[in-house]
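Subject: Structure handover

Hi,

Here is the structure for you to look over. My notes on strands and rings follow below it.

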Amino acid sequence: MPNKRIKIDYLTNKLTVNLAIYPHVLATGVTLPIEMLLAGEAFARRYDKSVLKLDTQFLSESSVKIKSRAGITMVADITLDSELLVKSTPPDIIIVPSLWRNPRPVLKSHEKLIAWLKHCWQQGSTLIGVGTGVCFLAESGLLDNHSATTHWHYVEQFKRDYPQVDLKPDFFITQSERIYCAASLNALADIIVHLIAQHYGKEAAQNVERNFSHEIRKPYEEQRYLEGSGDRHADELIAEIQFWLRTNLNTELTLTEIAKQFGMSQRSFTRRFKAATGVRATQYWQQLRIETAKELLASSNLTIQEIADQVGYQDQGHLTRLFKKDLHLTPKAYRAMVRKKLFS
């Protein structure tokens, strides 16, 4: 697939999002992302009136009213006539929600939608398939030889229907360039938070996550399968160092000393680590420590100082400064927030 970047309409200052609707669609797969995106936009606009204006529309093959699984009736804002297919500017993001029941009959009657999804991707749109809605993307051929996930109940059927897709059933989220697949509604919410961070900023994403997630969830980057990223790179020595870092968080060794321990110069280590993982070693090391500290704050009664010691910061104040910079919260305030979510 050509690696085209998403095309945001900066001339009109809009972020356009289309949500496909069809018979048996799960209404939550349509309403939840809209509400989250609107909350992200509203938060960002409070501080910056020039942020992208969110423009969401329901899209279907015809103007016929569509009844969701829950009995909620929806009507499309736009339909897939030939003029739209050929002349209109494709949306920035398209969400393809999950269906209740076997998706095959709906797929057979929506060839136009499948062709339109492929056309939009080729023009730069970002596609998000949810649960059995991923089948629409698979039918288009866009997922051939690329990673995907789907609802656990349809894994075996999906494998039979789309043998060319590299299915990752153990992952709730996959990302292949501009195509995201979510195995569940919670996974969709995590993708939306990730996209809010991209378009409206990290603070807006954190605000939405705090207000919409009633449980403590891992960050998007930790739970997705991203083609060619993370520890799945080919540099075995760097992968060994990554494992060592994860299991020795409280070490007093510097990264230079750790590299030497693995027979590498600092310069070679710095270059190879960035080339293999896409991030600087110092950034990776710090984020590992912060994420571990977050888990300990949520799940243990250790003091802040004891947690700082466990993640390699002898100075509690250093950990506090990092939390304020990354989360805009002190460790104490973060603990109070997550405990309230966990036990309320």
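Two strands count as paired here if DSSP finds at least two bridges between them. One thing to keep in mind is that this is a predicted model.

Strands

Start with strand 11, residues 179-182. Strand 10 covers residues 173-176. Four bridges join strand 10 to strand 11, and the two run antiparallel. Thr174 has Cys181 of strand 11 as its bridge partner. The two strands make a hairpin, with two residues between them. Glu177 sits in that turn and has a positive phi of about 55°.

Strand 11 also pairs with strand 7, residues 126-130. Again there are four bridges, but strand 7 and strand 11 run parallel. Tyr180 in strand 11 stands opposite Ile128.

Which way do the residues of strand 11 point? Ile179 and Cys181 point one way. Tyr180 and Ala182 point the other way. Both sets are buried. So each of these four residues has under 20% relative accessible area.

Rings and charges

Two arginines sit over aromatic rings. Arg178 lies over the face of Trp121, 4.3 Å from the ring centre. Arg289 has its charged end over the ring of Tyr313, at 5.1 Å from the centre. Both distances are within the 6 Å cut-off used for a charge over a ring.

How many aromatic pairs are there? The count is six, with ring centres within 6.5 Å taken as a pair. Ring pairs also link Phe269, Phe273 and Tyr284 into a cluster.

Best wishes

How values were computed: Residues are numbered from 1 along each chain as its sequence is written. This is a predicted model: local features need pLDDT of at least 70, side-chain atom pairs count only at pLDDT 80 or more; totals for chains, interfaces and linings use all residues. Side-chain values use heavy atoms; hydrogens and water are left out. Rings of Phe, Tyr and Trp (its six-membered ring) pair if their centres lie within 6.5 Å; planes under 30 degrees apart count as stacked, over 60 as edge-to-face and the rest as tilted. A charge sits over a ring if NZ of Lys or CZ of Arg is within 6 Å of the ring centre and within 35 degrees of the ring normal. Buried means under 20% relative accessible area, exposed over 50%, partly exposed in between (1.4 Å probe, protein chains only).
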